[in-house]
Amino acid sequence: MTNHEVKKLQKKVEKQTIKISVRNLVEFILRSGDIDNRRARAMRTDAMQEGGRIHRKIQRRMDASYRAEVPLKVEISKKNYVLIIEGRADGIIEKERVVIDEIKGIYMDLSYLEDPFDVHLAQAKCYAYIYAAQNGLEQIDVQMTYCNLDTEEIRQFVSSYQIEELKLWFFGVVAEYEKWADFQFEWRSIRQESIREIPFPFSYREGQKELVSDVYRTIYRKKILFIQAPTGVGKTISTIYPAVKAVGENLVEKIFYLTAKTMTASVALETFKLIKEKGYRAKTIFITAKEKMCLCDEMECNPEACPYANGHYDRVNDAVFDLLQEEEILTREVFWRQAEKYQVCPFELCLDTAIWSDHIICDYNYVFDPNVYLRRFFAEGKREEYLFLVDEAHNLVERGRNMYSAVLVKEDFLAVRKLVKPYSDKVALELNQCNKILLQYKRECENYQLYENISNFAFSLMQFGAAADTFLQKNIEFAGKKDFLELYLKVRHFLNMYERLDEHYVIYTELLENGNFCMKLFCVDPSKNLQECLDKGRSTIFFSATLLPIQYYKKLLSTKEDNYAVYAKTAFLREQSRLLIGRDVSSKYTRRTEEEYEKIAQYIKKIVFSKKGNYMVFFPSYRFMESVYEKCLSQIQDQADMIVQLNGMSEEEREAFLEEFAKKREKSLLGFCVLGGIFGEGIDLKEELLIGAIVVGTGIPQIGNEREILKEYFDGQTREGFAYAYRYPGMNKVLQAAGRVIRTREDRGIIALLDERFLQTDYRGLFPREWEDYAICNLENVEQQLEDFWKEP
């Protein structure tokens with residue numbers, strides 16, 4: 001018998017383990033009552049992430065008898081598996097009587113706290129039982145230590161327990177969880193058995209098998225992989241299939257498919273369904289944004305406004321368990337039906353069901369955003385066997401910056417002060433103090449101003465936060481409460497980001513175009529914050545059709561130096577497309593004249609007239625687009641229908657715009673769009689639906705204070721400030737827009753880059769391999785080049 005066969009036999013003999021943390025156990029089993037965001041959204045009773053600093057500060061004050069962060073674990077053997085309940089006690093005081101200390105950092109006036117929160121005390125009681133049982137104690141004390149995160153005031157509650165009463169209570173909680181553990185065991189067995197014989201669902205394209213192997217190897221080695229995946233690679237199946245195989249080998253427990261676009265999320269869902277058709281049994285959940293899940297006309301999450309919030313926690317566990325017995329593909333429509341049946345919130349039902357799912361398709365926010373991340377999975381801060389598949393990963397740089405930046409506007413403090421003054425002089429006073437400090441900063445600012453230290457402002461914000469907590473405890477309803485809560489949450493986010501300040505941040509103030517004045521904590525380099533999130537999983541695969549230059553993304557999406565990178569081979573042929581670069585036009589600001597607009601319109605006319613079909617033309621701004629559109633009206637409309645992207649289009653308007661490309665028509669169709677906009681990526685117009693993309697300009701972002709701050713910062717870091725702030729983000733928009741044309745092996749089309757700057761070495765160095773054969777054209781010869789291409793078989 002080989003070593004491999006021995007190991008497989010051992011795995012069969014060994015009992016499976018089902019793990020749950022103490023925190024998740026008590027929060028899941030013991031919750032009850034209503035959803036009520038009127039106070040809870042303003043102040044979570046357990047600000048775990050924000051309270052880490054306070055935990056450490058309190059622990060350092062203790063004497064030698066105090067052991068901090070003590071891991072505790074109990075194993076309970078069942079017929080088919082071993083249930084492991086584990087956690088980490090904040091502190092254990094080992095004197096004549098042992099005390100379990102549970103520290104909670106919270107945002108509230110502690111004078112209003114009469115008793116510990118039930119769920120917090122339950123967590124401490126679990127630790128107390130485990131420690132007492134394993135150390136032969138007859139009795140043990142529990143100390144709940146609450147600390148106000150603004151004032152650092154402390155309040156403690158101490159209670160004593162006999163081991164027998166703790167044992168009875170603890171195993172009562174475990175008994176309620178047992179059916180959930182049984183389900184995990186049974187479903188995992190079904191899932192693992194189904195994976196063994198699943199084949200790759202297609203014939204491998206050139207290079208695709210190597211890519212699948214690269215992904216699997218990365219997961220096996222617990223690494224991070226960056227994939228430049230040109231259209232035609234089949235990146236979705238090439239990442240999902242090896243991920244599923246890794247689940248089958250017990251390398252991965254859950255797959256998170258993360259994306260910034262609903263369309264790419266839908267493609268992922270269809271791919272999981274495809275593997276399901278081959279015999280794979282797994283639960284796949286598609287998390288939809290809360291506002292799109294809500295069954296009410298207005299999203300007011302409290303028992304007075306929403307019938308689904310009333311008593312939600314009394315019914316939701318039954319709703320989840322019932323759903324798990326019936327469904328494997330869990331989408332918004334499924335949750336709507338179940339929510340109506342059990343009268344629970346569909347969004348919260350969705351999040352709870354995710355715990356028991358094998359694949360979670362969701363937006364980046366649910367893993368990376370410090371305010372939105374799925375606490376059910378990541379609140380413990382531990383590394384688990386999670387796999388993160390990050391689709392369209394080029395979007396994560398700016399998204400990461402936004403998530404971990406924070407901004408406060410001076411005028412908001414004045415407006416909210418007026419609203420709250422009739423109800424609280426104290427809160428109004430603190431708001432006024434914040435405004436005064438911002439006024440001082442404003443007097444120092446001519447355009448924007450950088451700062452190294454804003455501790456005086458942060459202190460005033462903490463004072464406001466403490467006063468607001470006390471005020472909110474009174475639960476006073478008033479006309480401006482919504483605006484008050486909005487500012488309160490912004491302040492809380494600002495203070496949380498203030499705790500993260502390091503060399504990856506720039507602090508600055510700015511006079512805004514509308515006359516307002518703001519203070520911003522700008523996360524110029526999100527890599528450290530994103531890496532903290534990635535460290536909670538086993539492995540990460542970043543992939544995109546436009547992940548160039550790869551070093552730029554490796555630097556800004558991760559702090560690790562040993563990450564892998566591959567350039568996947570496309571299955572498309574170079575003969576399918578023709579790349580033309582116009583050498584006699586430019587979108588430079590100094591060239592934006594009527595004459596230049598006319599030349600660009602002539603290019604568009606000649607390209608569209610070369611072959612009847614559907615085209616998109618992308619511009620650097622709405623104003624530029626409108627100027628060229630006016631020129632095209634008189635020259636093109638006889639032979640082409642023209643549609644224009646509008647600023648702030650609704651979802652229905654977007655769909656109507658794209659539906660135009662599917663209509664049969666006598667003329668050509670020309671869609672005027674903005675680079676980097678809603679039609680610049682994530683749309684899939686195959687075959688004859690789109691035969692040409694015309695890109696006007698290099699896509700560089702408009703010059704502004706924030707871009708200049710980025711340029712200055714990265715000049716100091718890499719001496720590539722202009723590239724990091726302007727060229728790389730701009731070129732990404734160009735690559736995305738150009739990528740709309742060739743979507744299948746049957747497609748043929750034209751890509752025209754209308755800006756002489758594309759011929760510069762700095763830009764040509766950013767071209768993907770598929771663009772090596774480009775042709776340089778001008779207004780005189782472009783028609784001939786187009787004719788030659790369309791004549792080719």
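Q: Which residues of α18 are buried?
A: This is a predicted model, in which local features need pLDDT of at least 70, side-chain atom pairs count only at pLDDT 80 or more, and totals for chains, interfaces and linings use all residues. Residues are numbered from 1 along each chain as its sequence is written, and side-chain values use heavy atoms, with hydrogens and water left out. Helices (H or I, at least four residues) and strands (E, at least two) are DSSP runs numbered from the N terminus, and buried means under 20% relative accessible area, exposed over 50%, partly exposed in between (1.4 Å probe, protein chains only). On that basis, the buried residues of α18 are Val427, Ala428, Glu430, Leu431, Cys434, Asn435, Ile437, Leu438 and Tyr441.

Q: What covers the buried residues of α18?
A: Contact is taken as heavy atoms within 4.5 Å. The cover includes the helices α17 (410–420), α19 (455–473) and α20 (481–498), together with the strands β14 (448–451), β15 (505–511) and β16 (517–523).

Q: How many Å does α18 reach from its first C-alpha to its last?
A: Helix α18 (residues 425–443) has 19 residues. The expected span is 1.5 Å times one less than the number of residues, here 27 Å. The model is close to this, with a reach of 27 Å.

Q: How many of the 8 residues of α21 are buried?
A: The buried residues of helix α21 (residues 527–534) are Ser527, Asn529, Leu530, Gln531, Cys533 and Leu534. The helix is largely enclosed by the rest of the structure because the number buried is 6 of the 8.

Q: How do α11 and α12 lie to each other: roughly parallel, roughly antiparallel, roughly perpendicular or oblique?
A: The axes of α11 (residues 312–326) and α12 (residues 332–342) come within 10 Å and cross at roughly 135 degrees; axes are lines fitted to C-alpha atoms, for helices over the stretch in contact, and angles run from 0 to 180 degrees between N-to-C directions. Angles under 35 degrees count as roughly parallel, over 145 as roughly antiparallel, 65 to 115 as roughly perpendicular and the rest as oblique. The relation of α11 to α12 is therefore oblique.

Q: What classes of residue make the contact of α11 with α12?
A: From α11 come Arg315, Asp318, Ala319, Asp322 and Leu323, and from α12 come Val334, Phe335, Gln338, Lys341 and Tyr342. Ala, Val, Leu, Ile, Met, Phe, Trp, Tyr, Cys and Pro count as nonpolar, Asp, Glu, Lys and Arg as charged, and the others, Gly among them, as polar. The contact has 5 nonpolar, 1 polar and 4 charged residues.

Q: Is Thr698 buried or exposed?
A: Thr698 lies in the loop between β23 (692–696) and α26 (705–717). Not counting residues up to four places away in sequence, Thr698 touches Ser587, Gly730, Met731, Val734, Asp755, Arg757, Phe758 and Tyr763. Its relative accessibility is 1%, so Thr698 counts as buried.

Q: What is the relative accessibility of Ala568?
A: Ala568 sits in the loop between β18 (564–567) and β19 (577–582). Beyond residues up to four places away in sequence, Ala568 touches Leu211, Ile227, Gln228, Ala229, Pro230 and Val233. Ala568 counts as buried because its relative accessibility is 6%.

Q: What is omega for the peptide bond from Leu548 to Pro549?
A: Pro549 is in the loop between β17 (539–544) and α22 (550–557). The bond from Leu548 to Pro549 is cis, with omega near -5 degrees.

Q: What is phi of Glu152?
A: Glu152 is placed in the loop between β5 (139–148) and β6 (154–162), and at 24% relative accessibility it counts as partly exposed. Phi of this residue, which is other than glycine, is positive, near 65 degrees.
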